[in-house]
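Reader: Could we go through this structure together? I would like to start with the strands and then move on to the helices.

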Amino acid sequence: MTTMADVARSAGVSVATVSHVLNGTRPVLPHTRQAVLDAMDALGYTPNTLARSLVTSRTRSIGLAVSAISNPYFTEILQGVEAAAVEEGYSLLIADPHDDPLHERKVVQLLHERRVDGMIVAPSANPRDLLAYLGRHKVPAVLLDRLVDFPADGPARFDQVCAESAAPVSRLVTHLAGLGHRRIALIAGRPGLSTTAERISGYGDGLASAGLDHDEDLVVHGHSESAGAEPATARLLALASPPTALVTANNAMTIGALRALRDHGLSVPGDMALCCFDDFAWADLFSPRLTAIAQPGKEIGARAVRMLLDRLAAPERAARTVRLPCAFMHRTSCGCPEQPLTPRTPLEGTLS
Ligand code: HPA
């Protein structure tokens, strides 16, 4: 088996220099560095990352804990995290906390025990134990998608990254109001998630700016799942004055709503206009094509990696919250005629 000493001999440098090239522990002149890399290549040398970790106390690995990895939105986030991590020379350990606080706390502990350098976590609706664990063990971490509201004078604060939620939903509501709808309903997500609260608040903003009344009966909870959105849609249809337009607050609930509408023999957009949060690969293939808000999943994932590496480099820096803009995919399920093109209208994002 080829050793570091073989590489050093072949490149004409010391073993220490080979170690500095591998671990980035000291700057090495570019031509020396290249000679070491060439020698490694020629000799087929594979660094032993476990041995390296003992020297550097770093494993060059990141733990990622996101629920519902089969959901296309989270799959996109995962792709973004993976691509950015590999580009930076980090490998990934992935866990699915299933949106269950107990399971979440357990998988985060398991990742921590594997000595990942830091973690990226999409917190559940009740992340108290998770945050206590991360804080107690001083685990460098970035939270994504679901924002946690830390008190300004409280203890652990974490870097956070998510997509804008309120403004895009407001945009969908004003769009539907502009088409003449007066009874616009919202199928909201799981209570306790910031994305759910923000989308409900965006719905209210949209109604207010369109000058429409806020009827509580028109906001139902689909619990972020297709199976929850079906009965929620049925409840809306059973109202004395049912809605003429629906906004669904995520991709899974769009599927549930479509299923319920089909089961009631209702067509979109003739009987019910539909606008959804989350674009997905086949949203453009339905007839009608789905008018949707596209979240920047890959960018959220990539940004989380960069924020984590910044945190590792500067542990004392103040925590940041980044909100990335979504895009309005204007198609035909809202009731608009077929557009010659599907313009991606970017909406604003913010940094705090
Ligand atoms: N958060 C934000 N967007 C989503 C989610 C979620 O949990 N699920 C599907 N789209």
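Reader: Which residue stands opposite Val142 in E4?
Author: That is Ile120, and please keep in mind as we go that this is a predicted model.

Reader: How many bridges join strand E3 to E4?
Author: There are 3 bridges between strand E3 (residues 118-121) and E4, and the two strands run parallel.

Reader: Switching to helices, at what angle do H2 and H3 pack?
Author: Helix H2 (residues 15-23) packs against helix H3 (residues 30-43) at an angle of about 90°, and their axes are 10 Å apart. The two helices are therefore roughly perpendicular to each other.

Reader: Which residues make that contact?
Author: From H2 they are Thr17, Val18 and Val21, while H3 contributes Thr32, Arg33 and Val36. Sorted by class, this contact of H2 with H3 has 3 nonpolar, 2 polar and 1 charged residues.

Reader: What about H8 and H9, is their crossing left-handed or right-handed?
Author: The crossing of H8 and H9 is right-handed, and the axes of helix H8 (residues 166-178) and helix H9 (residues 194-210) come within 7 Å, crossing at roughly 35°.

Reader: Which residues are in contact there?
Author: Among them are Ala166, Pro168 and Leu172 of H8, together with Glu198, Tyr203 and Leu207 of H9. The contact of H8 with H9 divides into 10 nonpolar, 6 polar and 3 charged residues.

Conventions:
Residues numbered from 1 in each chain as written. Predicted model: local features only at pLDDT ≥ 70, side-chain atom pairs only at ≥ 80, totals over all residues. Axes fitted to C-alpha atoms, helices over the stretch in contact; angles between N-to-C directions. Helix = DSSP H or I, 4+ residues; strand = E, 2+ residues; numbered from the N terminus. Parallel < 35°, antiparallel > 145°, perpendicular 65-115°, else oblique. Contact = placed C-beta atoms within 7 Å. Nonpolar A, V, L, I, M, F, W, Y, C, P; charged D, E, K, R; others polar. Left-handed = near helix turned anticlockwise from the far one by under 90°. Pairing = 2+ DSSP bridges.
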